[in-house]
Each structure stands twice: as structure tokens, then as C-alpha cells.
Amino acid sequence: MTFYRRVGSVPPKRHTQHRDEDGRLYYEELMGEEGFSSDSSLLYHRHIPTAIVDATVWDLPDQTLAPNHPLVPRHLRLHDLPHDDVRTDAVTGRRLLLGNADVRLSYVVAAEESPLYRNAIGDELVYLESGEARIETVFGPLEARAGDYVLIPMSTTHLWIPAGSEPLRAFVIEATGHIAPPKRYLSRYGQLLEHAPYCERDLHGPDDLLAAAEPEVEVLVRHRTEAGVVGTRMVYQQHPFDVVGWDGCLYPYTFNIADFEPITGRVHQPPPAHQVFEGAGFVVCNFVPRKVDYHRLSIPVPYYHSNVDSDEVIFYVAGDYEARKGSGIGPGSVSVHPGGCAHGPQPGAYERSIGVEFFDELAVMVDTFRPLGLGEGALACEDHGYAWTWSGRGPAR
């Protein structure tokens, strides 16, 4: 982010004295990326933000990844994913689907308030399939609804509170590093340009502050060691939500997929036309309801393609998927099309799409540039017949 925001009380000049009504100093904290060389914000705390009183191991859910071997396209039915107890939360209840060294993709169904949590490995981009939530953060609260992406910067302490009568369902993208708008959408100073499919007005950051004052609170921290992804339970002397003000260009925000303006053309547009975010080693795209190709000889569904450098993951949220009819894919599905396999529309879809003028579909795509492994969540909800839906035959054995 490079869109400046200011909330609460901050001094006229950074790194100078800032005191309360009784003359006590507030404690300034710089939260910044890339070692003081990229976006940052300054937060002003009532208490010392570094005061921890205990640290113990937090045993994470199963984080192991199995290789996609033998190499086949896969279909995951997330709505069939067994949940031992829906009374879980949006942090500890995540089921790992897919991952590599750059990104991990999870799914969660949550009805309970989460613990305080911080991801020290990278930014998190959480897409709300359904339900509503209040996300309380050290920067202040956010309200999120179905269709929202919630971008939580790396090491932001926060918690999730589901709202409404139905559980929260969310598709979680955990980066190793940072997630941002694609560079081609940005000016050299960071403003979203005229050709970008969204602008700063569509990004909604915190407007208020929280005033928590409890002592001795626990924060779950996801981090890395040489052994891989691990967790620690840190106990802080004072609640981290004691911020009286902050300003800067780094903070959490929401962006609703309905505010994404699709880019269309006379002939089929490739996935980069639908891109919404990028991270190190992956991109995120939206497929939204839109007018489709209007050349008189166009074929609106995607051509068959081999993304030789990418694994392609699509989370299907709503609508009617022209390219996937006859495959069993519908809302709640995830397709995994790995590099090394050509992929494209199901038999008959190529021909049926001729003359179609509008696609009513809603999906989130993640393309990665390293192969993805399969997590325990994927193995628990896989449709094992999907790889053969183009041929209509099962494996030759």
C-alpha cells in the first residue's frame, strides 16, 4: 500500500514526543516492510509494545504437503470437507489445501471468535465466500461481508469475530512476503492508474481505534524456523490494542470483488486481464460477471492452454461456469491444474459457448510459479474422478 491514512492522535512530526493529558509519553512503534526501505506506518501505544512475559509452543494444525504425484488435474469439494466441530474460529480452524514455499491456501468454516493472532511469515489475503465478520486489529476494526477480500499485512496483530446467523466461510491465501496491487496498475509513486480495474476509493481501511486495556493477553504467532512453519504462544504484559493513533501507508483493508471492473475485449482475454493482486511467486485474479468476447467469430470460453511455468488454482464461488459444465464443478469447488498438463474447457463447452454474450460467474484464481503440494484438507475432499472428465474414461489399470 502507498495510500496514506491517518487515524487518531499523532504528533505533528514523526519520532518526536507525544504525550497524554497527564504528560505521560506514548510509545512510538514503526511497522515497516523491507528493512525501513518500503511502506510503513507509525503507531502510538499507551504501553511498551515489546513487553512479553511468557512464550510457549503453539502446535499448528497439520502443515504437511504431499506432492501432486502422479501428476493429474484435481477437483476439491470444499463444501464436503469434514469439520469435526463447526464451532471453531477463523485462525485455528483452517484446513490446509495447497502450498509451496511462496504461498499456502486454506479453507475455514468458523462460528467462534478467534484468538489474537499474528502471521510473521507474510501477508494474508482472506476471501469471504459467505457470512460476515468484524476483524479487530492493532490499527482498528474492519467490517467484512461476503465478497470481501481482507488484506492483513505481515505481523499485524488481529482477531476475527464472525457476525450474523451463519458461519463464516473463507478461502485464505497466506503469502511468504507481501501482497499488493499489480505493479502495472500503479504510477511510479504508487497511485492506482486510470486503466486499473479498481481504485483507492474501493479500498476500505480502519477509521476508528480500539481501546483494549486487559493485562497479560496471549497472541498466537505463526513464524518460520529452519524446520519450516511453526507457532508460538506469546503472552504480552498489556493488550496490543492500546493504540491512540497511527498514520502511514501500511494497514489492513477490505476490497469487495463487486468493485472489480472487468476488462473485456473482442476476443478472449487471458487471465492477466483479470488480475487483482500479486505476491512473490504467485498472482491472484478475479473472474466476475461480465460481457464476453464480441468478435463475430469469437469463442468465449478459454482456449486450451499449457501454462508451462504455473500451477493454476480456481476457487468457484457462485454462478454458472461455462467452461466446466459436465465436470461436477460448482460453488465451493477448487480446481487444480498443474504445470505439465494442458487444460481447458470440458468437452462440448468450446462449441456451446459460441454466441454467448455474458458470463455469470464468480471465482478467485491463484496462479503459482512453483509446483503446489497437497495439504490434508485437499486429500480429505478430493473428487478422484475429475482428471478423467475430458476423456470420459478412468485410469488405464
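Strand S23, residues 311-319, is mostly covered, with 7 of its 9 residues buried. The model is a predicted one. S23 pairs with strand S26 (residues 361-368) through 8 bridges, and these two strands run antiparallel. In this pairing Asp311 stands opposite Thr368 of S26. S23 is also joined to strand S24 (residues 333-337), again in antiparallel fashion, by 4 bridges. Here Phe315 stands opposite Val334 in S24. In a regular strand, side chains alternate between the two faces of the sheet.

**Cysteines**

How many disulfides does the model hold? The count comes to 0. A disulfide requires two cysteine sulfur atoms within 2.5 Å. For Cys249, the closest cysteine sulfur is that of Cys199, 16 Å away, which is too far for a bond. Cys249 is buried, at a relative accessible area of 18%.

**Salt bridges**

Side chains of opposite charge can pair when their charged atoms come close. The count of salt bridges comes to 16. The table lists three of them.

| Pair | Closest N to O distance |
|---|---|
| Arg24 and Asp22 | 3.4 Å |
| Glu376 and Arg95 | 2.8 Å |

In the pair of Arg24 and Asp22, both residues are exposed.

Glu376 forms a salt bridge with Arg95. Glu376 belongs to helix H2 (residues 376-380) and Arg95 to strand S6 (residues 95-99), so this pair ties together parts that are 281 residues apart in sequence. Glu376 is partly exposed, its relative accessible area being 21%, while Arg95 counts as buried at 17%.

Arg290 sits in strand S22 (residues 290-291) and Glu361 in strand S26, so the two link parts that are 71 residues apart in sequence. Arg290 counts as buried at 7% relative accessibility, and Glu361 counts as buried at 11%. Strand S26, where Glu361 lies, is the strand joined to S23 by 8 bridges.

Salt bridges also link residues into a network, made up of Arg94, Glu124, Glu174 and Arg222.

Terms used: Residues numbered from 1 in each chain as written. Predicted model: local features only at pLDDT ≥ 70, side-chain atom pairs only at ≥ 80, totals over all residues. Heavy atoms only, no water. Buried < 20%, exposed > 50% of the residue type's maximum accessible area, 1.4 Å probe, protein only. Pairing = 2+ DSSP bridges. Salt bridge = Lys/Arg side-chain N within 4 Å of Asp/Glu carboxyl O.
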